[in-house]
Amino acid sequence: MKRVLFVCLGNICRSPTAHGVFEQLATERGVSVRVDSCGTGGWHAGEPPDARATAAAATRGYDLSPLRARQLASQDFDHFDYILAMDEQNLRDVEALRPADYAGHVGLFLDYTGQSGAEVPDPYYGGAAGFDRVLDLIEAASEGLLAELRDAADSSR
Ligand code: 4NP
């Protein structure tokens, strides 16, 4: 079973949205994965997702309410096959902690939309529309990643 970690800055807006959406879509499609999320910063550790993120996700049928924020740790590289960042700064911060012998994949989550270099914009200081946009991007990237994981599972049979 592949293990996927989503990373943003605070772990209260974008990466918990990716966590909830990707986990649910994987379950619906019968793709077996372990999913988690974290932030490069620790200011919100222990907190539930931002209420705006939880509300926007709920309108599309995703439940973020059980999630709690935590900070990225060097041990995460021992436990995840994919470490996927929401924006370029998150990616640089992940790369700065990456052990030289890490054999998994570190990259931008939106690469799975086929748009190389695209970022999930930080919705924290904006309005509700920003959270809807985050969901659109994350749903699209989730479909791409699920397709890759399904293909990998098929070719190893
Ligand atoms: P996130 O959004 O990285 O998508 O969780 C943010 C949450 C909190 C802050 C910044 C971005 N903050 O500055 O506290």
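Biologist: How far is an oxygen atom of the ligand from a polar backbone atom of Cys 13?

Modeller: The distance is 2.9 Å. Keep in mind that this is a predicted model.

Biologist: And what about the backbone of Ile 12, how far is a polar atom there from a ligand oxygen?

Modeller: A polar backbone atom of Ile 12 is 3.0 Å from an oxygen atom of the ligand.

Biologist: What does the side chain of Asp 122 do at the ligand?

Modeller: One of its polar atoms lies 3.3 Å from a ligand oxygen atom.

Biologist: Which residues are around the ligand?

Modeller: There is a run from Cys 8 through Leu 9, Gly 10, Asn 11, Ile 12 and Cys 13 to Arg 14. His 44, Asp 122, Tyr 124 and Tyr 125 complete the list.

Biologist: Switching to helices. At what angle do α1 and α5 pack?

Modeller: About 45 degrees, with the axes 9 Å apart. α1 covers residues 14-29 and α5 covers 128-155. At that angle the two helices are therefore oblique to each other.

Biologist: Is the crossing left-handed or right-handed?

Modeller: α1 passes α5 in a right-handed crossing.

Biologist: Which residues make the contact?

Modeller: From α1, they are Arg 14, Thr 17, Ala 18, Val 21, Phe 22, Leu 25, Ala 26 and Arg 29. The α5 side includes Val 134, Leu 135, Ile 138, Glu 139 and Leu 149.

Biologist: How do they divide into nonpolar, polar and charged?

Modeller: Eleven are nonpolar, two polar and five charged.

Biologist: What about α2 against α5, what's the packing angle?

Modeller: About 55 degrees, again with axes 9 Å apart. α2 spans residues 51-59. That angle makes α2 oblique to α5. α2 passes α5 in a right-handed crossing.

Biologist: Which residues meet there?

Modeller: Arg 52, Ala 53, Ala 56 and Ala 57 of α2 meet Phe 131, Asp 132 and Leu 135 of α5. By class, five are nonpolar, none polar and two charged.

Biologist: New topic. Where does Asp 81 lie?

Modeller: In the loop between α3 (76-79) and β3 (82-85).

Biologist: What does Asp 81 touch, leaving out residues up to four places away in sequence?

Modeller: Met 1, Lys 2, Arg 3, Tyr 102, Gly 104 and His 105. A polar atom of the Asp 81 side chain lies 2.7 Å from the backbone nitrogen of Arg 3.

Biologist: And how far apart are the C-alpha atoms of Asp 81 and Tyr 102?

Modeller: They are separated by 9.2 Å, and the two residues are 21 residues apart along the chain.

Key. Residues are numbered from 1 along each chain as its sequence is written. This is a predicted model: local features need pLDDT of at least 70, side-chain atom pairs count only at pLDDT 80 or more; totals for chains, interfaces and linings use all residues. Side-chain values use heavy atoms; hydrogens and water are left out. Axes are lines fitted to C-alpha atoms, for helices over the stretch in contact, and angles run from 0 to 180 degrees between N-to-C directions. Helices (H or I, at least four residues) and strands (E, at least two) are DSSP runs, numbered from the N terminus. Angles under 35 degrees count as roughly parallel, over 145 as roughly antiparallel, 65 to 115 as roughly perpendicular and the rest as oblique. A crossing is left-handed if the near helix is turned anticlockwise from the far one by less than a right angle, and right-handed if clockwise. Contact means heavy atoms within 4.5 Å. Ala, Val, Leu, Ile, Met, Phe, Trp, Tyr, Cys and Pro count as nonpolar, Asp, Glu, Lys and Arg as charged, and the others, Gly among them, as polar. A residue is near a molecule or strand if one of its heavy atoms lies within 4 Å of it. A polar contact is a pair of N or O atoms within 3.5 Å; within protein, one must be able to donate a hydrogen and the other to accept it, and residues adjacent in sequence count only if both atoms are side-chain atoms.
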